Amino acid sequence: MRLSTLLLLSGIAALTAADSVAAQPVFSGDATFEGLPLGARNGSSNLAVEGGRLYSGPLLIFTDDGETFTIVDDPAFEPNASGRVTIFSMDVEGDVIWTGLGFVDRDADDEQAAAGFAFSEDGGQTWTYRFPQLDAQDDDTVVYGISTLTALPVIVPQQSPPFDIDYDPVTGDVWMAGFASGVRRSSDNGATWDRIVLPPDTSDGIDPQTPYDFDFAPIRGGVQQNGFLGFSVLVDEAGTVWAGTAAGVSRSDTSDIDPATGDRAWRRFAKDGTDQSIAGNFVVSIEEQPIGDPAFPVGSPENPRNPVWIIGWPADDPSEELNVTVWLGDDENGDPIFEPKLLTNARIFDTAFHGSTVYVVGFDGLYISENGGDTWRTITTFRDAQGNIIPIDPNSGVFSVAVVDDGTTDGVLWAGHGDGLMKSTDGGGTWTAFRVNVPTNPATPTEAVPTVDAYAYPNPFTPGVDGYCRIHLDLTAAGTANLRIFDFGMQLVRELEAPVRAGANEILWDGLTDGGTRIANGTYFYVVDVAGREATGKILVLR
């Protein structure tokens, strides 16, 4: 058997924006994937919407019409780091775009690390890079109000990725949540970052005019302060700052700003065993739901305070739950009214809104509520307009969600799945899927994208984790493809047939034998035959 030119791809991330060509659709199974630009990622971990434009990460792409995408190719997104730099967080307000950059440090036990920031003030036409939010070695104290506290300087990027970022268009301040580096604020476009002192685990609140002597350190001497670990941040429409930590959510209103020092008083709210508290203290996301007319003053009958949706995961307390909690305002005593929603034990990542409709996404799929979260319908399988199941990795989740308001009843709903970017124009009933199509016959071959007969990805392939191994080939006519999988001893382990079309095609293998058993580790060879044309290659299976 002749083994023709083959390509081993560990993932689409091997490509760069410089390789960009026109995106082409791919026929896969019974469905069609529309194309994302070369250099993009199939998984979409961040989505943001502004002015009808959708922005998507982890490598920044955007679309204005929901059909064609542009990839952002700028040095601001390519700082030096010991790992692949991607977008960890993103916020867009008008022409101002902020992205928090991070990477997985392969030299430090795969710890997530900070890589800095890229921001634009002209709608993405030009970009500026800022260094990570790190301290100097001698930053061992921090002033909070009338107190000078001992502090642990965070001087390395490991364990300080920018998990969340929020730009305040009213003040121009940028807020970020960076795990070990805590919650920080910049008033000079990221040139410097102020450490924000939040309540320690032993306190439900702090005030700048009260003297304190606690140690402002995420961990020291084996003692960890969960309340200093930042995971999420939001500046809502009234200027209230919400900071999500591993010890609950801390809140500071504009009235809490000390006129003498400029520091804020904070109140911390955590799981307290009642039905009126947040569900989990590990607060990974905070989003507000616009419900009023912004032409009127905030808090007026025409523009009431927006509900704030808080995604909590369990931290240390066994009574904590995976759930979503909504802040519905304060009572007559100024205490928050929290209302848990009916998504217990669902690991949720993101929230989006379109009028009164709420969308949340997680490992199990997409949840939609049209009554404020009292009841939900769940989408775990995505189908196209013909009713075909779209073949995306069933072992991956949905990590991001956004809605473009195009004037229609449902808007344009986007869901960032770990294996593709999904779009619906009918409220989640049917979907169009987008993935990267790497051609086998590029117009300008490169080392990253050579000319090959076919290729298989992901490669190495892990059945049960990756979902499918996709054998990609480009054809000039429709027909039927015969796929055979052989083990290293050239024993046939799987044979299947699939319809193919003219253009780009992918034939899916689930890692099973003809008998339905999962294959063992090792090297396997594939042979694809379409109308007498044969393409071959190999697949490394790692379980």
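The legends below describe close-up views of a predicted model.

View 1. The mean pLDDT of the protein is 92, and 96% of the residues reach at least 70. Residues 1–22 have a pLDDT below 50, although the model gives this stretch 57 contacts beyond near neighbours in sequence. Where pLDDT is low, predicted coordinates should not be read in detail.

View 2. Most peptide bonds are trans. The bond from Tyr-457 to Pro-458 is cis, with omega near -10°. Asn-459 and Pro-460 are also joined by a cis peptide bond, for which omega is about 15°. Pro-458 belongs to the loop between strand E36 (455–457) and strand E37 (469–475). Pro-460 is likewise in the loop between E36 and E37.

**View 3. Positive phi at Asp-110.** Most residues other than glycine have a negative phi. Asp-110, which is not a glycine, has a positive phi of about 60°. The residue sits in the loop that runs between strand E8 (96–105) and strand E9 (111–120). Is Asp-110 buried, exposed or partly exposed? With a relative accessible area of 43%, Asp-110 is partly exposed.

**View 4. Positive phi at Asn-189.** Asn-189 is another residue that is not a glycine and has a positive phi, here about 55°. Asn-189 is placed in the loop between strand E15 (183–186) and strand E16 (194–195).

Key. Residues numbered from 1 in each chain as written. Predicted model: local features only at pLDDT ≥ 70, side-chain atom pairs only at ≥ 80, totals over all residues. Heavy atoms only, no water. Helix = DSSP H or I, 4+ residues; strand = E, 2+ residues; numbered from the N terminus. Buried < 20%, exposed > 50% of the residue type's maximum accessible area, 1.4 Å probe, protein only. pLDDT = per-residue confidence, 0-100. Contact = heavy atoms within 4.5 Å.
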